[in-house]
Amino acid sequence: MTRSHPMLTKRQAEALVVDTEPWLSCESCFHLMDRYVEAERAGGSPDPAMMTAMQHHLRACAACAEEAESLRELLESDGGTQED
Amino acid sequence: MTALSGGAAPGGALAPASVPRQAQDAPGDRLLEALRADGAAQTAALREVHLLMLRAARHQVWRMGAMLPGVGTVVREEIACAAADDALTALLGKLDTFEGRSRFTTWAYKFAILQAATEVRRLAWAQREVPLEDTGTWWATEAGPEDYAEASDLARAVTQALDHALTDYQRRIAVALLVDEVPIDVLAERLGTTRGALYKTLHVARGRIRAHLAAGGHLPAPAAPAEENHR
Ligand SMILES: [Zn+2]
């Protein structure tokens, strides 16, 4: 199939040049997501390399970003109790 | 579980072996212990964890509601319930991998979020054709001079990089994901591959585009392109 696309929008162009180094896979992102979101809420992590890799992945991967944002919201709505 | 069932541990510097265990929630510990036990305690714990899954799955379906126009409350609830069931199964299969580096409830939530999000994206695209280019010659096509004039320098340079720096497969994946905005798990399902494999292809493609742009002076730092064993 050959289609003619209009020119890229600025947003599309920017998405295509996102720097995804350091490499982190979606699988590893899922593996780290709970730790990452809790560290964000706590204001930091003893593992800055993990935080950086996660930040880069979440900027580059819409599906993982959606899931991380949802987890943030859930923890937020659990509020300060955090006990369930 | 879906495409992410691998749950591979990250390597090298990303595996924080020396990170102290996060403060754990006592109820989470109790749940975890009960899940690993037998009998009535385990049954009760399963019920409790299922409720957690249901809460997270409902939250996710609600968040993504705009992707399911015309889908009513009853069906949305069915989607959430099914996702919670599947997520509980996935969680139980991974129970031994829980490292206590987050609260158990946080760890549990992510399974339901993934399951529900994947299902909503799948349903939202179930009746839609996934656009995929078979040829690589369609970029320089129909944009008139005024279109180019309106496009940013970056957009022009990236368009050129799509044509010249990528393989056909890389271009098809990058365009489907980032231009046509096909969800990555939907695309993976249609192509018979995994979310992880597609993201890897996209990573390599982005590296090549960045390198092409850097060579043309459009990006400052010549990022080392990630090399690939992928198509
Ligand atoms: Zn991802």
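Visitor: Which residues does B:Ile209 touch, not counting residues up to four places away in sequence?
Guide: This is a predicted model. B:Ile209 is among the residues with the most contacts inside the largest nonpolar core. Its partners come from chains A and B. They are A:Leu16, A:Val17, B:Val158, B:Ala161, B:Leu162 and B:Leu166.

Visitor: Why does the largest nonpolar core lie between domain 1 and domain 2 of chain B?
Guide: This core has 93 residues. Its largest share, 13 residues, comes from helix α4 (residues 104-125) of chain B. The core lies between the domains because residues come from both domain 1 (21-124) and domain 2 (145-225).

Visitor: Which residues of domain 1 of chain B lose the most area to domain 2 of chain B?
Guide: The two domains bury about 370 Å² between them, 53% of it on carbon and sulfur atoms. On the domain 1 side, three residues together make up 83% of what is buried. They are B:Thr118, B:Arg121 and B:Arg122.

Visitor: What is the arrangement of the donor atoms around the zinc ion?
Guide: The protein donors are A:Cys26 (SG), A:His57 (NE2), A:Cys61 (SG) and A:Cys64 (SG), at 2.0 to 2.4 Å. The 4 donor atoms subtend angles of 104 to 115°, so the arrangement is tetrahedral.

Visitor: How many residues apart are A:Cys26 and A:Cys64?
Guide: Both are buried. A:Cys26 sits in helix α2 (residues 26-42) of chain A, and A:Cys64 in helix α4 (residues 62-78) of chain A. The pair links distant parts of the chain, 38 residues apart.

Conventions
Residues are numbered from 1 along each chain as its sequence is written. Chains are lettered from A and ligands numbered from 1 in the order in which they are written. This is a predicted model: local features need pLDDT of at least 70, side-chain atom pairs count only at pLDDT 80 or more; totals for chains, interfaces and linings use all residues. Side-chain values use heavy atoms; hydrogens and water are left out. A nonpolar core is a set of buried Ala, Val, Leu, Ile, Met, Phe, Trp, Tyr and Cys residues joined through side-chain atoms within 4.5 Å. Buried means under 20% relative accessible area, exposed over 50%, partly exposed in between (1.4 Å probe, protein chains only). Helices (H or I, at least four residues) and strands (E, at least two) are DSSP runs, numbered from the N terminus. Domain bounds come from an automatic or database domain assignment. Contact means heavy atoms within 4.5 Å. Donors are N, O and S atoms within 2.8 Å of the metal (3.2 Å for Na, K and Ca); water is not among the atoms, so sites may look incomplete. Four donors count as tetrahedral if all angles lie between 85 and 135 degrees; four count as square planar and six as octahedral if opposite donors are over 155 degrees apart and all others between 65 and 115; anything else is irregular. Buried area is the accessible area (1.4 Å probe) that two parts lose on being put together, summed over both.
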